[in-house]
Each structure stands twice: as structure tokens, then as C-alpha cells.
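This report describes selected features of one protein model. Please consult the sequence and the structure shown here while reading.

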Amino acid sequence: MTEGIKVVIAGPRGRMGREAVKMVTNQEHLQLVGVIDRQDNGRALSDIDPQFREVKCQVYTSIHECLMEQRPDCLIDLTVPEAAFYHAKTAMELNVRPVVGTTGITLQELEELKAIANHKKIGCIIAPNFAIGAVLMMKFSQMAAKYFQNVEIIELHHDQKLDAPSGTAIKTAEMIHEVREPKTQGHPNETEKLQGARGANFHGMHIHSVRLPGLIAHQQVLFGEKGETLTIRHDSYDRESFMTGVKVAVETVMKLNGYVYGLENILD
Ligand code: NAP
């Protein structure tokens, strides 16, 4: 096997983590050298997940031990926000480059990760959405927002998602905010008969979160002006849709010497 980029994955039993294990083990230039989980310390991944019968790398419950023993180049984190922050921080302290797909990390924590990465001049990518189509949806929305001031974002996800609104919806709203003239939308005297009916308010834009079994990750950005509306929509029907972005991020993080937030900032 060619050595290539040595990768550790945190969260290998999760829905995203499993896809990442598949993706990494299917790439000639990537080498999975360990996984970080909350259980099964010291066992082989092949022993705990029949799907990965061929994947002999070791499971660690301690990130520190894993990174010290395996000396990977890159850590992919697909866990929960509290763990992801600690994992990314520990990784950079040990000169391992984090690629974090976990959403819900606080702004303050993101700032801390940014400061560490830029100070140490080490690559660190945080991407709330690895789907290439979702990145284009965000870019197209930002283009449209120059001409359409009124916008509502509807994000729809599976009902096991912990954070709302989604990282993608927040990122979309931030990108729109960069170009949109500030505006409070809707009628100035509007009232909510049921609390939350108008969704979250981000600089006057409204964000609505739908959670239903059967969904994966979907988002619709609706723009409205007199006599016309424009809808930009992206749907991820399978978690495989995120893996091209994860692969690009792993390759790119090796060439970076600082922090990047959002896949759109590393795609041409
Ligand atoms: P999931 O199925 O719940 O998987 C999360 C996994 O992380 C579980 O196996 C969980 O183990 C594990 N975990 C929790 N704490 C851990 C720790 N301290 N160390 C190691 N593993 C730990 O969730 P998912 O759907 O895969 O999503 C994972 C994250 O990715 C979420 O934040 C989600 O929003 C995000 N996401 C990102 C993208 C993107 O494109 N960036 C796309 C989809 C989802 P237990 O079962 O023991 O708790």
C-alpha cells in the first residue's frame, strides 16, 4: 500500500464517520491509521464493525494516545461539537491538521481554533457542509442577494440532528449578510401568534428549521421582490454526497498554513 496522507477519523460509528471510513480506505493516496471512538479502546475497527472487515486499524478512546502513537497527518472529525472542539485543538497542539465537519461549534471556540491555526501556521479546515452542490447553493445565494434584499432560508434535516439552525443555514446567512443591504423583513407590525412562527432572525433574515425522519440534508433559499421569487435549493439524498468535499479538504489541509472556514474557500 502507498503511504500517502495518514488519516485518523473521530466518530467512525456515526453516519458520517462510516462514510468517511469508506472514502478514506478507498483512496490510494490516503491511509487510515486509527479511529477515535467513545468505546472499544484497543480493538481493531474490523472487529467492531462487520462493514469494515478489511480495516484493521486500531480504535482509541483517547485522542492524545491515538495521535501520539499513530502520528497521523490529518484528523477528520465527525462527532459532536464538544468533542470536535477538543479534538481539533488537541490535534493542532500535536501538529496534526484537523478537517472538521461536525457542526454546532460555538463562535468563540471557532475563534480559538482560528487563532491556534494561524499562530502555529498549521492547516485547519472547518466545513459545515462538504457537499459541493451545497457550496454552490451558498455561492449562488450570495450572488442573488446583491439584487434581492428579501430572503428567507428554510433548512430541512433528519430528526436526529442536534443543532438548529444548521451550520449551512448560518453560513448561508452570513454570506448573504456580507452583500445584502441590512433590512428588517416582513410587516413592521407583524406579531407571532405562536412563538417561533417566523423562525430565527439573523440581521432581519428569517431562518426556519424543519426536522423529519426520512430527510438527510436539504436547504432552500427563497428570494422575493415585487412580482417575482427566486428559489435556490440543494438536496443531499445520501451522506456519500459529502465525501468528495471531505477528500478535497484532506488534500487541501496538507497545503494550508492557517485556518479556513467553509469549503467554498478552498474550491476554485
Ligand atoms: P451521528 O451518526 O450521531 O455520529 C456521531 C458519532 O460521534 C457517534 O458515533 C458518536 O458516538 C460519536 N462521538 C460522540 N462523542 C464522541 C467522542 N468524544 N469521541 C469520539 N466519537 C464521539 O452523527 P452524524 O450524522 O454522523 O453527524 C456527525 C456530525 O457531522 C454532526 O455534527 C453533523 O451535524 C455533522 N454533519 C456535517 C456534514 C458536513 O457536510 N459538514 C454533513 C452531515 C452531518 P456515540 O454513539 O457513542 O454517541
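Is E181 buried or exposed?

## The position of E181

E181 is exposed because its relative accessible area is 55%; buried means under 20% relative accessible area, exposed over 50%, and partly exposed in between, with a 1.4 Å probe and protein chains only. E181 is placed in the loop between α7 (167-179) and β8 (200-202). Helices (H or I, at least four residues) and strands (E, at least two) are DSSP runs numbered from the N terminus. Between the C-alpha atoms of E181 and Y147, which are 34 residues apart along the chain, the separation is 9.6 Å.

## Basis of the model

The model is predicted: local features need pLDDT of at least 70, side-chain atom pairs count only at pLDDT 80 or more, and totals for chains, interfaces and linings use all residues. Residues are numbered from 1 along each chain as its sequence is written, and side-chain values use heavy atoms, with hydrogens and water left out.

Two strands pair if DSSP finds at least two bridges between them. β7 and β10 are antiparallel and pair over eight bridges; I154 has Q220 in β10 as its bridge partner. β10 and β11 also run antiparallel, joined by nine bridges, and V221 stands opposite I232 in β11.

A hairpin is formed by β10 and β11, with two residues between them. In its turn, G227 has a positive phi of about 80 degrees.

## The cavity

On a 1 Å grid over the protein atoms alone, a cavity is a set of points where a 1.4 Å probe fits but cannot get out, and a pocket is an open set with protein on both sides within 12 Å along at least five of seven lines; lining residues have an atom within 4 Å of a point. Grid points are joined across faces, edges and corners, and a volume is the space filled by probe spheres set on the points.

The count is one cavity of 30 Å³ or more. The largest cavity holds about 50 Å³ of space. Two or more lining residues come from each of α6 (132-145), β7 (150-157), β10 (217-225) and β11 (228-236). The largest share, three residues, belongs to β10.

## The largest pocket

The largest pocket contains about 950 Å³ of space. Its lining has 37 residues, of which R15, M16, L78, T79 and V80 are the closest to its centre. At least two lining residues are supplied by each of α1 (15-25), α4 (81-93) and α7.
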